[in-house]
Amino acid sequence: MAKVIAIANQKGGTAKSTTCRNLATALKNKGYKVLVVDCDNQANLTDCFGIVSPEKLDMTLYNLMECVIMEEDLPSKESYIITRENIDVIPASILLSDIEIRLVAAMSREYILKTIIDEIKDDYDYILLDAMPSLGLMTLNVLATSDTLLIPATPEYLSAKGLELLLRTVFKIKKRINKEIEFEGILLTMFDERTNLSQDMLKVIKESYGSNIRVFNTKIPKTVKVGEANARSMSVIEYMPTNKAAIAYEKFTNELVYGEMMNNGKE
Ligand SMILES: Nc1ncnc2c1ncn2[C@@H]1O[C@H](COP(=O)(O)OP(=O)(O)OP(=O)(O)O)[C@@H](O)[C@H]1O
Ligand SMILES: [Mg+2]
């Protein structure tokens, strides 16, 4: 049965989708069967997999969630899963913007996504859920479905104290909606070793949260190659395997899978 990982942070632009794209590739390269689910109406992850004009597709995440809300049977897996580079994708489109409104009146509204994922969980080793930058009902669905939460965060964000809000939300979820959810850890992205801000924030975060939440030793450096890879609908791992962000994403994946280099403060 798959391990389901939510990749979430209500702050925009912390490299959630980029991390999902690259983690999927690195896991696939290790021989794991991976499904990614785009849970964001911006559909960036869908785009990162080269799925163009998703609004023209018959079946995206919105349609599946709509089926569950309407208590209809889900269609066959083949009708909604798109495979790219041996990674299965459930795409999103702008239609997903309507889901929050649809969810408000739905029965068991926090568990609509879980109903879909539970049906296909046995087919994968890892399922990655790319959340939107909000803590609305859609993100609650993501957290209700997941075994763990991975939090990509940029150094700037950590100083904004927004992390505390996210952690408080997770503790509430753990009490009421999903008792099983655990923290996968905090991944620092767009990290610049040379700046004081990056170093200071790393220290603050380790001091504030390090005893409860793993802070991955691997940090993802800032590099223009990541944007170039995204624009070509590729992971940076495929686009430029020797690039420092590509190497960092592989290293981070090892840390995630094997728990090696546990949080001992060493590189
Ligand atoms: N390591 C990096 N170096 C440089 N640019 C990066 C890096 N990681 C991500 N980016 C760029 O930062 C921007 C935001 O990344 P991404 O879309 O992955 O963030 P996100 O958290 O998913 O955003 P949103 O909250 O809107 O969903 C993108 O333009 C992406 O190309
Ligand atoms: Mg995103």
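Isoleucine 7 sits opposite leucine 150 of strand 6. Strand 1 (residues 3–7) and strand 6 (residues 148–153) pair in the parallel sense, over 3 bridges. Pairing here takes at least two DSSP bridges between the strands. This is a predicted model: local features need pLDDT of at least 70, side-chain atom pairs count only at pLDDT 80 or more, and totals for chains, interfaces and linings use all residues. Residues are numbered from 1 along each chain as its sequence is written, while chains are lettered from A and ligands numbered from 1 in the order in which they are written.

Next, the ligand. Ligand 1 is surrounded by 20 residues (C-beta atom, placed from the backbone, within 6 Å of it). The closest are Gly12, Lys16, Ser17, Thr18 and Pro133. Helix 1 (16–29) and helix 10 (224–231) each give two or more residues to this shell.

Which residues of helix 6 are buried? They are Met138, Thr139, Leu140, Asn141, Val142, Leu143, Ala144 and Thr145. Buried means 20 or more other C-beta atoms within 10 Å of the residue's own, all placed from the backbone. With 8 of its 9 residues buried, helix 6 (residues 137–145) is therefore largely enclosed by the rest of the structure.

Key: Helix = DSSP H or I, 4+ residues; strand = E, 2+ residues; numbered from the N terminus. Buried ≥ 20, exposed ≤ 12 C-beta atoms within 10 Å, placed from the backbone.
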